[in-house]
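User: I would like to go through this model by question and answer. Please start with the terms.

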Amino acid sequence: MKNDHYSGWLPDYLDGHLTKVQKGEVEAHLKTCGSCRDELREFKVLLMAFKDEKITRPGPELKMRFDEQLEQLALTELKTQFGKTGTSPGNRFPFFPVIRAAAGIALLIGAFMLGRWSPFPSPPTQTVNAQEATSMPEPGVMFALAENRSASKRIQAVHYMDEISAPDEMVLDALIRRMLLDENMNVRLTAVDALEKFKSDKKVADAYLHSLETDRDPAIQIAVIQILVGIREKKAAPLMRKLMEHEDTKPFVKEQIKSLLPIIV
C-alpha cells in the first residue's frame, strides 16, 4: 500500500468485498496503525448514515411522465425569461433568472434518477461550528470515498472536497475526474457544482468544455452551458452549435443554447 497505509481498501473491507487474503492483510495492519483505525472509524460513521437512509425507487411509468413534464417546464420557463421585449441578452445576463431555473431543473433530474430526494446527507452549511470543523475526514478517506462503488459515497466525497477553502491540484483533479468520468449523473452534477467556484481556472474551464462536448445528459448540459456562458468562454460557441444540431439533444436544451449563444459570439 502507498505510504504503508490501507486507506484505499477500507471501504471495501467494511462492505465485505475484499478477498480472504486482503482482509487478513488489512486486519493485521489495523492492529499496528492508529491512523488507519481512525479512518476506519470515520468510514463506519458514514456507512451508518447511509444504511439508515431508506430509498424508494419509482417505476418506469413515473419516469416517463416526469420526463415529459420536465421538458414542458423547461420550455415554458425559457420562453418566459427570454421572451421579454426590450431587453437584449447581453443586458439581461447579469440578472439571469433562468440560470436558477435551469439549475433547479438539473437538481430535480438528479434527485429523480438516484431514486428519491437526496438519499445522501446534505452538504454542510456555510456556518460551521467547532464540532463540524473537526469532522472533516483525512485526505486519504476523501480520495478513497471518491473511488468507492457506491454513488452516494462518491457524492459525499465531492461534498467534502467542496468544503476545502484552498484545494490543491490533487483535489481539483479528483473533482474533474468525477465530473468527466463518473458513471453516475448525480455524481457528475455534484462535481460540476463544486468546480464552479474555480471556473476561471484554465484547467477547470477546459474540463467544462470537454464535459459539454462529451456528456449527453441534459442536466449536465444545462449546468455546464450556464457556467461557460457566465465566464464568456468563446470556445464554447462551436460546441453549443454542434449540440444544437445533434438529434438526441433535448428541445429545451436547444432552446437555451439558442437564447444564450449571442452572449458569447
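Analyst: Axes are lines fitted to C-alpha atoms, for helices over the stretch in contact, and angles run from 0 to 180 degrees between N-to-C directions. The model is predicted: local features need pLDDT of at least 70, side-chain atom pairs count only at pLDDT 80 or more, and totals for chains, interfaces and linings use all residues. Numbering starts from 1 along each chain as its sequence is written, and side-chain values use heavy atoms, leaving out hydrogens and water.

User: What share of the residues is buried?

Analyst: Buried means under 20% relative accessible area, with exposed over 50% and partly exposed in between (1.4 Å probe, protein chains only). The protein has 265 residues, and the buried share is 45%.

User: Is α14 roughly parallel or roughly antiparallel to α15?

Analyst: Helix α14 (residues 236-245) packs on helix α15 (residues 251-264) with axes 10 Å apart, at an angle of about 155 degrees. Under 35 degrees counts as roughly parallel, over 145 as roughly antiparallel, 65 to 115 as roughly perpendicular, and the rest as oblique. Therefore α14 and α15 are roughly antiparallel.

User: Which residues of α14 make the contact with α15?

Analyst: Contact means heavy atoms within 4.5 Å. On the α15 side are V253, K254, I257, K258, L260, L261 and I264. On the α14 side are A236, A237, M240, R241, L243 and M244.

User: How does α10 lie relative to α11?

Analyst: Helix α10 (residues 169-181) and helix α11 (residues 185-195) have axes 7 Å apart and pack at an angle of about 140 degrees. So the arrangement is oblique.

User: What classes of residue form the contact of α10 with α11?

Analyst: From α10 come L172, L175, I176, R178 and M179, which meet V187, R188, A191, V192, A194 and L195 in α11. Ala, Val, Leu, Ile, Met, Phe, Trp, Tyr, Cys and Pro count as nonpolar, Asp, Glu, Lys and Arg as charged, and the others, Gly among them, as polar. The contact has 9 nonpolar, no polar and 2 charged residues.

User: Which residues does D12 contact, leaving aside its neighbours within four places in sequence?

Analyst: D12 belongs to helix α1 (residues 10-15). Its C-alpha atom lies 9.8 Å from that of A144, 132 residues apart along the chain. With those neighbours set aside, the contacts of D12 are H17, L18 and R149.

Methods: Helix = DSSP H or I, 4+ residues; strand = E, 2+ residues; numbered from the N terminus.
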